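Colleague: I am new to this structure and would like to go through its side-chain contacts. Could we take them one at a time?

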Amino acid sequence: MHFYQTLNFINFSEELIKNIGYCRLSSPNNRRTWSGTDYYIVKALLKYCGNVIVLNPADKKYTIIGKIISKFYKIILKKNFLYINTNYNLKKIARVLQNQILTHNPDLLFLTAGSQLLSFLNTELPVIYLSDTTFQAMVDYYPDHTNLLHKSKKMGNFAEAEAIRKATRIIYA
């Protein structure tokens, strides 16, 4: 089944899909990011579906601040803290992404492994959310997801639950 047929299978017609907003916190142009999955999804969307607009609400300033805060928790409390899942950061990401959506006017949003992108986003656009796992499944599996502060676990699970609730279609691969 071709990618376009897959989109039709999940009830998106050709007339609706003119511009796809591809949302990711990291660059989908980097073949090393997420083992190249983003790069090849964008290529498939371009080939089978039309125009792809990369929407990337990452803000370097807040990434640096987040790393400092996370390091503080690691040194003082000997716990990992995922700053990206704080309500403050999630709301900031949603505001930036909302502005990008208004500027580029996509017909559909395609998000990969980014529950943080969707958790506080308010949109009427159809959203396809693709991920390889849930936040809870990563807890105590990946090094940066081990020995987490309880608050960090709670915020990560909240972001994931909101993304799942708001997505029009969900793909786990």
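Colleague: Is Asp 38 buried or exposed?

Modeller: This is a predicted model, and the values are computed from it. The relative accessibility of Asp 38 is 0%. Buried means under 20%, so Asp 38 counts as buried.

Colleague: Which residue forms a salt bridge with Asp 38?

Modeller: Side chains of opposite charge can pair when their charged atoms come close. Here the closest N and O atoms are 2.5 Å apart, and the cut-off is 4 Å. The partner of Asp 38 is Arg 24.

Colleague: How many residues apart in sequence are the parts that Arg 24 and Asp 38 tie together?

Modeller: Asp 38 lies in helix H2 (37-48). Arg 24 lies in the loop between strand E1 (19-23) and helix H2. The pair therefore ties together parts of the chain whose separation in sequence is 14 residues.

Colleague: Over the ring of which residue does the charged end of Arg 24 sit?

Modeller: Arg 24 counts as buried, at 10% relative accessibility. Its charged end is 5.0 Å from the centre of a ring. That ring belongs to Trp 34.

Colleague: The structure holds two salt bridges. What separates Arg 165 and Glu 162, the residues of the other one, along helix H7?

Modeller: The side chains of Arg 165 and Glu 162 meet at 2.8 Å, N to O. Arg 165 is exposed, with a relative accessible area of 58%, whereas Glu 162 counts as buried at 16%. Being three residues apart in helix H7, Arg 165 and Glu 162 are separated by about one helical turn.

Colleague: Which residue do ring pairs link with Tyr 73 and Phe 81 into a cluster?

Modeller: Tyr 73 is partly exposed, with a relative accessible area of 23%. Phe 81 counts as buried, at 8%. The cluster formed by ring pairs also takes in Phe 72.

Colleague: Which helix holds Phe 158, the partner of Phe 120 in a tilted aromatic pair?

Modeller: The rings of Phe 120 and Phe 158 lie 5.7 Å centre to centre, with 50° between the planes. Phe 120 is in the loop between helix H5 (115-118) and strand E4 (127-131), and the two residues are 38 residues apart. Phe 120 counts as partly exposed at 23%, and Phe 158 is partly exposed at 33%. The helix that holds Phe 158 is H7 (residues 150-166).

Colleague: Which element gives the largest share of the largest nonpolar core?

Modeller: That core has 15 residues, and Leu 97, Leu 109 and Leu 111 are among those with the most contacts inside it. Elements giving two or more residues to the core include strand E2 (51-55), helix H4 (87-104) and strand E3 (108-112). The largest share is three residues, and it comes from H4.

Colleague: How many residues are in the second, separate core?

Modeller: Ile 41, Val 42, Val 52 and Leu 108 are included in that core. Its number of residues is 11.

Methods. Residues are numbered from 1 along each chain as its sequence is written. This is a predicted model: local features need pLDDT of at least 70, side-chain atom pairs count only at pLDDT 80 or more; totals for chains, interfaces and linings use all residues. Side-chain values use heavy atoms; hydrogens and water are left out. Buried means under 20% relative accessible area, exposed over 50%, partly exposed in between (1.4 Å probe, protein chains only). Rings of Phe, Tyr and Trp (its six-membered ring) pair if their centres lie within 6.5 Å; planes under 30 degrees apart count as stacked, over 60 as edge-to-face and the rest as tilted. Helices (H or I, at least four residues) and strands (E, at least two) are DSSP runs, numbered from the N terminus. A charge sits over a ring if NZ of Lys or CZ of Arg is within 6 Å of the ring centre and within 35 degrees of the ring normal. A nonpolar core is a set of buried Ala, Val, Leu, Ile, Met, Phe, Trp, Tyr and Cys residues joined through side-chain atoms within 4.5 Å.
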